[in-house]
Amino acid sequence: MKVYMLNPPFIPHFGRSARWQDTGRGGTLYYPIWLAYATGVVEEEYKARLVDAPAWNWDLEDVVKDAKRFDPDVIVVDSSFPSLNNDIRVAKTLKNETDAVVVLVGPPTSQFPDKILQSNIDAVARWEYDFTIKELVEAIEKGKSFRDIKGLSYKENSRIIHNPNRGFTSSEDLDKILFVSKVYKRHLNIRDYFLGQCLHPEVQIFTGRGCPNQCTFCAWPQTLMGRKYRVRSIPNVLDELEWIQDNLDVKEVFFEDDTFTISKKRVLEFCKEYRERGLDIVWSCNARVDTLDLETMKEMKKANCRLLIVGYESGSDEILRNIKKGFTIEQIKQFAKNARKAGLLVHGDFIIGLPGETKETIEMTKKLIREIKPDILQVSVASPFPGTEFYEWCKKNGYLITDDPNEYLDEHGHQKSVVSYPWLSPEEITKVVDEILKEYYLSLGYIPTALRQILRRDGLDEARRLFYSARMFLGYIKRGN
């Protein structure tokens, strides 16, 4: 049995695995990380090929030719909300051009399984899909019915059948899955991928899945991985870091967990055992304002942590309450101070257009950005993805100008606002995002912030990262003008 795992062609440099799916303004391109983990599970027993069309600049014709050469029994096509119509079209083409069973995976499958299956696609693996795909391949190999495969929707005699949901993986399950870094080495070119906040080349891995926090806008916990928080054991994570250090020529590992720092105890245990092993590889992670104190940050720094990505989201306490963020502006300011004292870089994320956003709250966000001066600033348009509380709130109040997520991007693949408030138009929201980024990065005030990054360990690599991001950002501005 052969399985073809496809991140399908769409817009060049489109990141389906990003939390905000678009083509990054600063040149960011994510690994097809969920698809890569599923490839590792499938490869335990079957031959698999992982294809990343956006990274390789492949079009549909390239994919069809490659798939025919591989001659798979099963084709797994990844999807995201903004690219769903495109992904269905790719899957339908592969269904017509090959004899394979074609399956769609990704966040839209938990929300639109019927729509997808009405498009001549054989099956949909809903929610977390690693083991659903493996069981599907086993059933095809043995000629068995799909009825016992949890998490699967499929057609039988033109009738759509939805099997019961699959329970989310356990910590024990995660420890057994093949290191995703080994999948990257086997199938991908690590130099194709770039995170604006990381030294290049880098790899992204998960040390845990799911997020127990209640942010109303975040799609992954609400449409893919769930609120159940489960983690790999510390020895298992360190084994992978050791393997990466010995086998991959990378400058940094990024922990893509929704929040690596949920448990202070686990973070400190990780840092202690990292140092005891004598590891040297640099790492960074997603963090929360209310889960890290100065003491823990200092321990992370001693264990070669370089940077924290933190979702500040807004400069308004009211908006933070509206989105159930769970912390305050004063906590944000203290977090920023502590990170600087500990010697950690901060990638600060903000979102424009969340519930309660007004011209006044936008000014509050601008003021907070100027005060805390994140080393790297990301500002996103608030996208209400189907399945999230934010989407339901917008729909209930009549604030959506479209409920079709395929219309969430402009012609260049960048975010545009589909939220329209009586006091704030979608055009104003999108324009403000660009204005904040330009004001921050193109001002003389950013020069000391950039220099601080260059005058660190690996300063030359920091300079290369900044230069590449700047070049891509200036290209984005030029296209916009």
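This briefing covers the aromatic ring contacts of the structure and the charged groups placed over rings. The model is predicted. The structure holds 36 aromatic pairs, and two of these pairs are described below. A pair of aromatic rings is described by the distance of the centres and the angle of the planes.

**The W56 and W58 pair**
- The ring centres of W56 and W58 are 5.0 Å apart, and the planes meet at 70°, so the pair is edge-to-face.
- W56 has a relative accessibility of 22% and therefore counts as partly exposed.
- W58 is also partly exposed, because its relative accessible area is 23%, where buried would require a value under 20%.

**The F260 and F270 pair**
- F260 and F270 form an edge-to-face pair, because their planes stand at 85° and their ring centres lie 5.6 Å apart.
- F260 counts as buried, with a relative accessibility of 2%.
- F270 is buried as well, at a relative accessible area of 0%.

**Aromatic cluster**
- One aromatic cluster is formed by W20, F81, F112, F217, F385 and Y408.

**Charges over rings**
- K2 places its charged end over the ring of F70, at 5.1 Å from the ring centre.
- The ring of Y37 has the charged end of R209 over it, 5.3 Å from the ring centre.

Definitions and conventions:
Residues are numbered from 1 along each chain as its sequence is written. This is a predicted model: local features need pLDDT of at least 70, side-chain atom pairs count only at pLDDT 80 or more; totals for chains, interfaces and linings use all residues. Side-chain values use heavy atoms; hydrogens and water are left out. Rings of Phe, Tyr and Trp (its six-membered ring) pair if their centres lie within 6.5 Å; planes under 30 degrees apart count as stacked, over 60 as edge-to-face and the rest as tilted. Buried means under 20% relative accessible area, exposed over 50%, partly exposed in between (1.4 Å probe, protein chains only). A charge sits over a ring if NZ of Lys or CZ of Arg is within 6 Å of the ring centre and within 35 degrees of the ring normal.
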